[in-house]
Amino acid sequence: MTDRALTLLEVEALARAAHEGQTDKAGRPYAEHLAAVVEGVRLRGGTPEQQAAAWLHDAIEDHALTPAWLETAALPEGVKAMVLALTKIPGEPVEEYTARILATEGALLVKEADLAHNADPARLAVLDRPTRDRLSAKYTYVRSLLGLPTP
């Protein structure tokens, strides 16, 4: 084993492979969401570490990768911390989840990009009205807890 960290391209390939076959609520390949979040991070001035965390932000939550994998992965500790901060824990109050994001350096920018893509009107438009309304309210509340303005 080397001390070399995975490159951003290696993290992308790993994330795409881990989420292979998964789709979002609209039935689109899940990797499209990951790529959009990474691009949102990049456009917001995010670091390569934040971009790596964006590729992996849902991997543990969606059971695409395990916490044990993350612990031993050839990734900077900051990336691992962001991924863990961005991973929702079943039954965890959203207030605790958002507090963890705010307490973890770099995680807020990744979550901001994630929320921006999740709340994209074009993405929400393909969902039924009850789902669209529920998710819109959820994203607005999470943004308020994180101190982010409503778009």
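Predicted model: local features only at pLDDT ≥ 70, side-chain atom pairs only at ≥ 80, totals over all residues.
Local features need pLDDT of at least 70 and side-chain atom pairs count only at pLDDT 80 or more, while totals for chains, interfaces and linings use all residues. Residues are numbered from 1 along each chain as its sequence is written, and side-chain values use heavy atoms, with hydrogens and water left out. Helices are DSSP runs (H or I, at least four residues), numbered from the N terminus.

**Helix 1 and helix 3**

- Helix 1 (residues 8-18) packs against helix 3 (residues 48-56) at an angle of about 10°, and their axes are 9 Å apart. Axes are lines fitted to C-alpha atoms over the stretch in contact, and angles run from 0 to 180 degrees between N-to-C directions.
- That angle makes helix 1 roughly parallel to helix 3 (angles under 35 degrees count as roughly parallel, over 145 as roughly antiparallel, 65 to 115 as roughly perpendicular and the rest as oblique).
- Helix 1 contributes Leu8, Val11, Glu12, Leu14, Ala15 and Arg16 to the contact, and helix 3 contributes Pro48, Gln51, Ala52, Trp55 and Leu56 (contact means heavy atoms within 4.5 Å).
- By class, the contact of helix 1 with helix 3 has 8 nonpolar, 1 polar and 2 charged residues. Ala, Val, Leu, Ile, Met, Phe, Trp, Tyr, Cys and Pro count as nonpolar, Asp, Glu, Lys and Arg as charged, and the others, Gly among them, as polar.

**Helix 3 and helix 5**

- The axes of helix 3 and helix 5 (residues 77-86) come within 9 Å and cross at roughly 40°, so the two helices are oblique to each other.
- From helix 3, Glu49, Gln50, Ala52, Ala53 and Leu56 meet Gly78, Val79, Met82 and Val83 of helix 5.
- This contact of helix 3 with helix 5 has 6 nonpolar, 2 polar and 1 charged residues by class.

**Lys80**

- Lys80 lies in helix 5 and counts as buried at 9% relative accessibility (buried means under 20% relative accessible area, exposed over 50%, partly exposed in between, with a 1.4 Å probe and protein chains only).
- The Lys80 side chain reaches the backbone oxygen of Glu71 at 2.8 Å.
- Leaving aside neighbours within four places in sequence, Lys80 is in contact with Leu70, Glu71, Thr72, Ala73 and Leu75.

**His63**

- His63 is in the loop between helix 3 and helix 4 (67-72), and His63 is exposed, with a relative accessible area of 72%.
- Phi of His63 is near 60°, a positive value in a residue other than glycine. Most residues other than glycine have a negative phi.

Notes. Polar contact = N/O pair within 3.5 Å; in protein donor to acceptor, adjacent residues only side chain to side chain.
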